[in-house]
Structures are given as C-alpha cells and as structure tokens.
Amino acid sequence: MPEYSLLAVSSAIAVLALDRWILRTGLLRRRSFWITLGFLLLGKLVVNGYLTARPIVHYYAPYYLGIRLGTIPVEDFLYGFAMLGLVLIYWEYLGKRWRSEDRGSLSSAAGSEG
Amino acid sequence: MKGEYLLLLTLAFLPPFALSFHRNVRRAIWARPGRLFGALLGMCLPFWIWDVWATERGHWAFDPRYTLGIRVLNLPLEELLFFPCIGFIAIFLWEVVRFYRREP
C-alpha cells in the first residue's frame, strides 16, 4: 500500500483506539459526534476541494493510491476523520477532567465548611 | 494570487470564530481557555510532525503561486495555521450541535 494511504488508515485506527482504550470519552458512540462530522464533511468538501482543484496542494505518486473523489484523494477523508476526531476527543476528555475537578473542589469546599 | 491559501483559510475560520461569541455557545467554548488550547495543541502536534515529514518525503507539496512564501519548519505558514483553524471550527460546530440537541 502507498505510504500516505497506509498512514491515513493507521491514523484513523489510532484515533479510534485512543478513544476506545485510553481516553475513553465515548465520543464516537454519540449521535451528536456523527452529526457534527457530517457538517464538517460539507465544509471539508469546499476547503479540501479548493485546495486540490486549484491545486494549492500537489500530491505525488507513488505515495497515494491516485483515486480521487472529485479532486480530493480518498486518503484525505481518513486523514480528516483522524484530525477532527482527535481534536474533539481531547476536547471532551479535557472537559470531563475539568468538570470533575470543579466538582472535587466544590465538594471539598463544602466539606471544609461543614 | 499568493494570498489565496490564506484567504481560503480566513474565509473558513472567521465566521465560526465570530459566532463562537454568540451567547448560546460562548460559555461552552471560551469558559476554559486551557481546555481549548490543550485540545488544539493535542491535535496539532502530531499533525504538524506528520506534515513536516510528509512534505520533506515528497508525499505532497504546496504551490508557491498560492502561498505567501513565509516558511516555518519548511511548511508554508498557512499550512501550519490550517490545523488550529480547522480544529477550532470542529469544536465550534460540536458545541453548536450539542446546544441544538440540548445535551448538557
């Protein structure tokens, strides 16, 4: 498999694994996540479409499959999934951590008053 | 036009950025700047490294006709900015979807 293709598949799997076994936010099981991804895909078609149609970014053989949806190499969709998935997984992970810290400080404050 | 990549990025980024201060999502997005910074940096770091390596290796290249010519780590400045900008758009949309779906 070409290098970029292999890396794109690996990055998507790595992001799935990161959430499944390490950060465990459960983000990928939520309908809101897939709805958000759907909206982002629309924007991606415009931005990535422009970048590859102009082209602002050139892609080179033999590093990708050469299969494009419109002007966008198929690998870019997995790359995009990994990138958007990763930022939202971290966002949720940090959100949960801070919420629990807030609860922790609130309960300890309440405890010291009591 | 040499500013084309930057213009595309700006057009994509500015509307979500401006709308992120709307009262329906402002608190969710901006209450914890460290959370925002951490999530963006957590995504940007591996993707910057990947991008620098892949550009060096010749997987892809950026057309000098449409980039300003300011290079950082051998990438156009626009390409480095691409990741935090798109990351922010993702977080913004996620919070908008959550708001309309009434998720706590």
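Biologist: How many helices and strands does chain B have?
Modeller: Chain B has 4 helices and 3 strands. Keep in mind that this is a predicted model.

Biologist: OK, and what pattern does chain B follow along the sequence?
Modeller: Going along the sequence, you get α-α-α-β-β-β-α.

Biologist: What box do the C-alpha atoms of chain B fill?
Modeller: Roughly 45 × 30 × 20 Å, taken along the principal axes. Of the 104 residues in chain B, 28% count as buried.

Biologist: What about contacts in chain B between residues at least 6 apart in sequence: what share join residues at least 24 apart?
Modeller: That share is 71%.

Biologist: Let's go to the helices. How do the axes of α1(B) and α4(B) cross?
Modeller: The two axes come within 10 Å and cross at roughly 25°. Angles under 35 degrees count as roughly parallel, so α1(B) is roughly parallel to α4(B).

Biologist: Is that crossing left-handed or right-handed?
Modeller: The crossing of α1(B) and α4(B) is left-handed.

Biologist: Which residues meet there, between α1(B) and α4(B)?
Modeller: From α1(B) you have B:Y5, B:L6, B:L9, B:A12, B:F13, B:P16 and B:F17. They meet B:E78, B:L81, B:F82, B:C85, B:F88, B:I89 and B:F92 of α4(B). By class, the residues of this contact divide into 13 nonpolar, no polar and 1 charged.

Biologist: Switching to the two chains together. How many residues does each chain put into the contact?
Modeller: Chain B gives 31 residues and chain A gives 28 residues.

Biologist: Which elements of chain B supply at least two residues each to the side that touches chain A?
Modeller: Those are α1 (4-19), α3 (33-57), β1 (60-62) and α4 (77-100) of chain B. The largest share comes from α4(B), with 9 residues.

Biologist: And how does that side of chain B split by class?
Modeller: The side of chain B that touches chain A has 19 nonpolar, 5 polar and 7 charged residues.

Biologist: In what sense do β1 of chain A and β1(B) pair?
Modeller: They pair in the antiparallel sense, over 3 bridges, with residues 57-59 forming the strand on the chain A side. If you want a spot to look at, A:H58 stands opposite B:A61 in β1(B).

Biologist: Speaking of phi, what is the value for A:R24?
Modeller: Phi of A:R24 is near 45°, which is positive in a residue other than glycine. A:R24 is in the loop between α1 (3-23) and α2 of chain A.

Biologist: Is A:R24 buried or exposed?
Modeller: A:R24 has 12 other C-beta atoms within 10 Å, so it counts as exposed. The cut-off for exposed is 12 or fewer.

Biologist: And what's phi for B:R102?
Modeller: Near 55°, again a positive value in a residue other than glycine. B:R102 is in the segment after α4 of chain B. With 6 other C-beta atoms within 10 Å, B:R102 is exposed.

Terms used
Residues numbered from 1 in each chain as written. Chains lettered and ligands numbered in written order. Predicted model: local features only at pLDDT ≥ 70, side-chain atom pairs only at ≥ 80, totals over all residues. Contact = placed C-beta atoms within 7 Å. Nonpolar A, V, L, I, M, F, W, Y, C, P; charged D, E, K, R; others polar. Pairing = 2+ DSSP bridges. Buried ≥ 20, exposed ≤ 12 C-beta atoms within 10 Å, placed from the backbone. Axes fitted to C-alpha atoms, helices over the stretch in contact; angles between N-to-C directions. Parallel < 35°, antiparallel > 145°, perpendicular 65-115°, else oblique. Left-handed = near helix turned anticlockwise from the far one by under 90°.
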